[in-house]
Amino acid sequence: MKMTIQNLKGTHELVAIDKIAPSPYRWLDRYPLEAERMAALTASMTSTGAWPRIIGRRNGDMVEQAFGHHQIEVMRQAGVDAVDVFVAEIDDPTMIRMLANENGDGSSSTATHNRNAVAVDREYIEWELLGDPKKHWTG
């Protein structure tokens with residue numbers, strides 16, 4: 001059986017770091033960035049540099065990142081001025097799914113990270129069943 005994978009269409013852009021916003025589906029107030037993960041990324045980026053793997057979408061003059069919130073924060077703290085971002089037209093359900101897939105990749109086993117992955121998965125399911133979940137959020 002042949003598998004079909006569709007390429008995301010967009011462009012690489014050098015985006016000022018202060019113009020990169022978190023995904024509207026990444027609940028940083030409930031699930032803050034993890035110090036352990038930040039330290040690991042800092043060590044990695046110090047030895048190999050930042051890898052261009054941030055994906056986002058335009059929202060006004062900002063770019064909302066689909067995932068990679070820890071990476072952007074490490075770069076922000078290091079004083080990086082601009083980041084290579086792959087900017088594409090991404091709808092809300094796809095933004096949710098990308099965040100859920102990235103958070104559920106097994107790269108972190110902390111309880112906070114796992115709770116965030118479950119919350120994002122729940123949001124995606126709500127979207128699939130109810131439409132825009134923002135219309136149905138209760139807390």
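Here, a residue is called buried when its relative accessible area is under 20%. Keep that cut-off in mind for helix H2 (residues 69-77) in this predicted model: seven of its nine residues are buried, so the helix is largely enclosed by the rest of the structure. Across the protein, buried residues make up 40% of the 139 residues.

**Overall layout**
- The protein has four helices and five strands, and along the sequence they come in the order β-β-α-β-β-α-β-α-α.
- If you take the contacts with a separation of 6 or more, 79% of them are between residues 24 or more positions apart.
- The accessible surface comes to about 8300 Å², and carbon and sulfur atoms account for 54% of that.

**Helix H2 and what follows**
- The buried residues of H2 are His69, His70, Gln71, Ile72, Glu73, Val74 and Met75.
- Just after H2 you'll find Gly79, with a positive phi of about 85°.

- Ile17 sits in the loop between strand E1 (10-16) and strand E2 (20-21).
- Its relative accessibility is 8%, so Ile17 counts as buried.
- Setting aside neighbours within four places in sequence, Ile17 is in contact with Ile72, Met75, Arg76, Val80, Asp81, Ala82 and Val83.
- Ile17 and Arg76 are 59 residues apart along the chain, yet their C-alpha atoms are separated by 6.8 Å.

**Salt bridges**
- Side chains of opposite charge can pair when their charged atoms come close.
- The count for this model is five salt bridges.
- One of them joins Asp61 and Lys19, with the closest N and O atoms 2.7 Å apart.
- That pair links distant parts of the chain, 42 residues apart: Asp61 is in the loop between strand E3 (54-59) and strand E4 (62-65), while Lys19 is in the loop between E1 and E2.
- Lys19 has a relative accessible area of 30%, so it is partly exposed.

**The network around Arg57**
- Arg57, Glu64 and Asp92 are linked in a network of salt bridges.
- On the Glu64 side, the closest N and O atoms of the bridge to Arg57 are 2.7 Å apart, and both Arg57 and Glu64 are buried.
- On the Asp92 side, the side chains of Arg57 and Asp92 meet at 2.9 Å, N to O.
- Arg57 lies in strand E3 and Asp92 in helix H3 (residues 92-103), so this pair ties together parts that are 35 residues apart in sequence.
- Arg57 counts as buried because its relative accessibility is 11%, whereas Asp92, at 21%, is partly exposed.

Conventions:
Residues numbered from 1 in each chain as written. Predicted model: local features only at pLDDT ≥ 70, side-chain atom pairs only at ≥ 80, totals over all residues. Heavy atoms only, no water. Buried < 20%, exposed > 50% of the residue type's maximum accessible area, 1.4 Å probe, protein only. Helix = DSSP H or I, 4+ residues; strand = E, 2+ residues; numbered from the N terminus. Contact = heavy atoms within 4.5 Å. Areas by Shrake-Rupley, 256 points an atom, 1.4 Å probe, with all protein chains shown as cover. Salt bridge = Lys/Arg side-chain N within 4 Å of Asp/Glu carboxyl O.
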